[in-house]
Amino acid sequence: MGIPQTQRAAVVEQPGPDGKCVIKEIPVPVPNDDEILVKLSWSGLCHTDVHLIKGDWGNMGLNMTAKVSGHEGVGVVVSVGKNVKRFQVGDRAGIKWVADTCGNCEFCTNGVDELHCARQHNSGATTEGTFQQYVTTSGRYATKVPDGVSDEEAGPILCGGVTAYTALKRSEVKPGQWVVLPGAGGGLGHLAIQYAKAMGMRVIAIDGGNEKGELCKKLGAEVYIDFLAEKDIAAKVMELTMYGAHGVVVTAASRAAYEMAPNLLRPRGTVVCVGLPKDDFRAGGTPMQMVLKKLNVVGSVTATMKDVDEALEFTARGLVKPILVKGTMDDINSFVEKMLAGQLPGRAVIDLWA
Ligand code: NAD
Ligand code: ZN
């Protein structure tokens, strides 16, 4: 396949409050023996990219080297390093937030904890991300995209969808029980509604405004609560659920959402922390609340390769369908501002060749 020397990329300039992406012509990277070169077609835009562009989290203790954000990338393999067995030229591949792990440490080998590998690489942070036309990535850790899932739909599942899916599993909410989803109209949230429904849960969606409300109800939420209009969200949830919800999965990057979450639970309920606000505060309830209600507060971070395969399978089976707002590299900055204003329902995806 003809591989060009240079390509278009959305490069992050001056990460910080005024950070933005600038389109540049940069070299096409060359894979090493363990890597594949993927010609990307689409990439999702996750709020994590927004945090990185806006410098919300500092350097997180990481050696931040990446100039290009993006970690929901999908495309076709155009070149394969000589040690790679899993991929051939022409296969479809997906690139995730965790782009690679060491494969050998205690966390990588116990079957459930690879996300905690200390030697992992993160797309858009410690390795170049997916807002570019070509990316090199691990031939061992890239995801195989199943038939029946288009590139533009697979992208949002690789982070948004699978993060929602694993967080719902972490909630331990059972079929027929209530889960509350603050942030339900956003990228992770609108996928969480659909996974929750497919897993038999009853969904109370919380977000702001009518457009998000329409979306949440269309996707299967039994009830939508508009946090911009409802004064006493806890009372409303109690009224609906009698004793409170069994779980709350907080995908909103909002202190208010975290402070509210324990108040929505019934005894032995679980708050799952997913959203990552820039403010410095603690998630959880008061000691009295935690003790008397025997509450659980747990965190959930993206997903293992196995969970990613499972999450994609839901889409291949028609159970989870990302709602897409489509644009080009030139739209990234305006999409970022829309997400910050809470005005981007569903997931933005970038056509990298338009
Ligand atoms: P998004 O902007 O698409 O969605 C967030 C939603 O929260 C928006 O619809 C917004 O209107 C809503 N919201 C804001 N304040 C709210 C409130 N007080 N109550 C209810 N809803 C409120 O963002 P996203 O891409 O879904 O990402 C959400 C967060 O999750 C980000 O902080 C991101 O970094 C984080 N994230 C975490 C993981 C993980 O592994 N834990 C993975 C991916 C993303
Ligand atoms: Zn993400």
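The protein chain splits into domain 1 (6–145 + 323–351) and domain 2 (161–299). The model is predicted.

**The domain interface**

Between the C-alpha centres of domain 1 and domain 2 the distance is 28 Å. Domain 1 brings 10 residues to the contact, and domain 2 brings 14 residues. The size of an interface is often given as the accessible area lost when the parts come together. Here domain 1 and domain 2 bury about 960 Å² between them. Carbon and sulfur atoms account for 61% of that area. On the domain 1 side, Ile323, Pro345 and Gly346 lose the most area to domain 2. Together these three residues make up 45% of what that side buries.

What classes of residue does domain 1 turn towards domain 2? The side that touches domain 2 has 4 nonpolar, 4 polar and 2 charged residues. Salt bridges across the interface number 0. Polar contacts are found there, in 6 residue pairs between domain 1 and domain 2, both residues at pLDDT 80 or more.

**Side-chain pairs**

The whole structure holds 16 salt bridges. One of them joins the side chains of Asp307 and Lys169, at 2.8 Å from N to O. Asp307 sits in helix 9 (residues 305–316) and Lys169 in helix 3 (residues 151–171). The two residues are 138 apart, and their pair links distant parts of the chain.

Aromatic pairs come to 5. A pair of aromatic rings is described by the distance of the centres and the angle of the planes. Among the pairs is Tyr134 with Trp353, in an edge-to-face arrangement. The ring centres of Tyr134 and Trp353 are 5.9 Å apart, with 80° between the planes.

| Pair | Kind | Distance |
|---|---|---|
| Asp307 and Lys169 | salt bridge | 2.8 Å, N to O |
| Tyr134 and Trp353 | aromatic pair, edge-to-face | 5.9 Å, centre to centre |

Key
Residues numbered from 1 in each chain as written. Chains lettered and ligands numbered in written order. Predicted model: local features only at pLDDT ≥ 70, side-chain atom pairs only at ≥ 80, totals over all residues. Heavy atoms only, no water. Domains from an automatic or database assignment. Contact = heavy atoms within 4.5 Å. Buried area = accessible area lost by both parts, 1.4 Å probe. Salt bridge = Lys/Arg side-chain N within 4 Å of Asp/Glu carboxyl O. Polar contact = N/O pair within 3.5 Å; in protein donor to acceptor, adjacent residues only side chain to side chain. Nonpolar A, V, L, I, M, F, W, Y, C, P; charged D, E, K, R; others polar. Phe/Tyr/Trp six-rings, centres within 6.5 Å; stacked < 30°, edge-to-face > 60°. Helix = DSSP H or I, 4+ residues; strand = E, 2+ residues; numbered from the N terminus.
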